[in-house]
Every structure is written in C-alpha cells, then in structure tokens.
Amino acid sequence: MFSTPFELPSQTAALWLTALLLNAVLISQAQRFPLLTRAGWCHAGILGTVLWGSLAWRGWLAVVAYLVLGSLVTKLGFARKEELGLAEGRGGRRGPENVWGSAFTGLVLALLVAARIGSPTLLLIGFAASFAAKLADTFGSEIGKRWGRTTLLITNLRPVPAGTEGAVSVEGTLASAVGSLLMTIVMAVLGLIQSGTAFAVVLAVGFIATLLESLLGALGQDRWPWLTNELVNGLQTAWAAGLAMVAAWLLCLSS
C-alpha cells in the first residue's frame with residue numbers, strides 16, 4: 001500500500017512558479033464542477049499553489065482527493081436532506097470559509113515541512129491526520145443526517161433531531177470510521193505516511209477527533225455564538241494533527 005518514501009522538494013522559484021501556473025489553469029477549468037462556489041475555487045487555487053510549492057504533487061493530490069471524496073458524500077441522498085432541511089447550503093457547494101476551516105491546519109504543516117522546521121515525518125503524520133479527521137467528520141455528518149435511524153446527543157445520549165449540534169448515530173459513527181480509513185489510505189498510497197504504525201495512528205486519531213468535535217459542538221455551539229462551524233472544523237483539524245504528532249513521537253516515529 002505504501003508508496004515510495006516522500007522526498008522533500010527543493011524550494012526553488014521554478015517549483016513555485018509551476019505551482020502557480022498549474023493551479024491557475026486547473027482552477028479555471030474546474031469551476032464548471034459544482035463542488036465549490038466561485039470564491040471557494042479561488043481560495044482553493046491559493047491553497048493548491050501553496051501545497052504544490054511545499055509538498056509537490058503528492059501533498060496537492062492528497063487534498064484534491066479529500067475535496068472529491070467529501071463532495072461526493074455530500075451529494076449522497078441530497079434531495080432527501082433538502083426535504084428535511086438538513087442539506088448543506090448553496091446546493092452543497094463549499095465556500096472560502098469551508099476551504100480554510102478544513103485545510104488551514106494542513107497548510108501550516110505543509111509550510112513547516114517546506115521550511116525544514118521540525119521533523120518532516122511528524123509533520124506529515126499531522127498533515128495526514130488533519131484531513132483524515134475532516135473527511136471522517138464529513139462522512140459521519142452527511143451519512144448520519146440522511147440515514148441515521150436514532151440520533152443521540154453525545155453528552156447524555158438523549159434522543160435529539162438529526163442535524164442537532166453534537167448529535168451522533170450508529171450509522172454516522174460507522175461512516176466516520178470509513179471516512180478516516182479512506183483518507184488514511186490515500187495518504188499511504190501517496191507516500192505521505194510510511195509505516196503500519198503511522199497508518200494506525202492517523203486512522204485512529206482521525207476517528208477520535210471526530211468524536212471530540214461532536215462533543216465540542218454539543219457543549220459550546222449553542223452557548224457561544226462565536227463558535228461557528230468553520231471555527232469548530234479548524235479546531236478539529238488542529239487537535240487531530242497535534243494528537244497524531246504526539247502519539248507518533250511517543251511511538252518513536254520522528255526519525
């Protein structure tokens with residue numbers, strides 16, 4: 001499953017110019033697909049440029065895979081979710097706030113790798129875990145809202161309506177595990193994680209971080225108006241990356 005080891009790209013003007021031109025061309029063509037808003041595509045172009053410049057094509061492709069998988073699961077049962085008032089707005093298209101809520105942590109870690117600050121192995125494990133956690137959250141939310149039979153509040157396990165902040169279901173929880181697994185496989189195939197132990201860390205943390213996100217939503221989003229979904233998403237990816245890097249360091253994976 002694991003691809004050839006990831007080699008840090010040489011930071012040259014040519015690499016960044018290639019990243020800029022390639023993403024400009026791709027984003028201009030990709031706007032025909034109903035995945036992001038127009039502004040969302042522009043911000044995705046900035047993100048893609050930085051990822052390609054920092055981690056070359058492998059880091060860029062990992063996030064493209066996240067975007068595609070997340071968008072596909074959002075579309076599952078979309079008509080029914082619209083009827084129930086649970087569907088994502090704008091026809092499921094993500095905007096700039098969604099792009100950065102999902103990817104800001106990964107962007108920072110990619111820049112640290114490019115700057116040779118810290119252990120590349122640990123930073124890449126954190127990078128992988130941040131996107132595994134976010135895809136797990138997307139899978140759990142979208143599947144749970146549509147197919148969850150019994151929805152319970154994570155803090156007290158009392159039944160609540162689907163779509164309630166902090167609500168979980170068996171179906172959604174299983175979907176979260178699948179989302180984390182899929183994103184971890186993508187990271188392994190692209191060579192961003194390089195061992196079975198690292199694979200297990202990313203997979204487990206991606207799933208656990210989703211449960212912690214539900215806990216934060218249940219405890220805080222109705223109480224603190226400033227705690228938006230996008231901020232919660234950013235916090236989720238940040239603590240997923242942090243937990244994964246600490247676990248990897250304790251397991252001596254930092255070499």
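Predicted model: local features only at pLDDT ≥ 70, side-chain atom pairs only at ≥ 80, totals over all residues.
1. Residues are numbered from 1 along each chain as its sequence is written, and side-chain values use heavy atoms, with hydrogens and water left out.

2. Helix α2 (residues 38-75) and helix α6 (residues 170-189) have axes that come within 10 Å and cross at roughly 155°, which makes α2 roughly antiparallel to α6. Helices here are DSSP runs of H or I with at least four residues, numbered from the N terminus; axes are lines fitted to C-alpha atoms over the stretch in contact, with angles from 0 to 180 degrees between N-to-C directions. Angles over 145 degrees count as roughly antiparallel, under 35 as roughly parallel, 65 to 115 as roughly perpendicular, and the rest as oblique.

3. In the contact between these helices (heavy atoms within 4.5 Å), Ala62, Ala65, Tyr66 and Leu69 of α2 meet Met183, Val186 and Met187 of α6. The residues of this contact divide into 7 nonpolar, no polar and no charged, where Ala, Val, Leu, Ile, Met, Phe, Trp, Tyr, Cys and Pro count as nonpolar, Asp, Glu, Lys and Arg as charged, and the others, Gly among them, as polar.

4. For helix α5 (residues 120-147) and helix α7 (residues 196-220), the axes come within 8 Å and cross at roughly 45°, and the two helices are therefore oblique to each other. The contact includes Ile125, Ala128 and Asp137 on the α5 side, and Val201, Gly206 and Glu213 on the α7 side; its residues divide into 11 nonpolar, 2 polar and 2 charged.

5. A search of the whole structure finds 0 disulfides (pairs of cysteine sulfur atoms within 2.5 Å). Cys42 counts as partly exposed at 44% relative accessibility, whereas Cys252, at 63%, counts as exposed; buried means under 20% relative accessible area, exposed over 50% and partly exposed in between, using a 1.4 Å probe and protein chains only.

6. Most residues other than glycine have a negative phi. Ala56, which is found in helix α2, has a positive phi near 60° and is buried, with a relative accessible area of 16%. Arg116 likewise is not a glycine and has a positive phi of about 60°, but its place is in the loop between α4 (96-114) and α5, and at 44% relative accessibility Arg116 counts as partly exposed.
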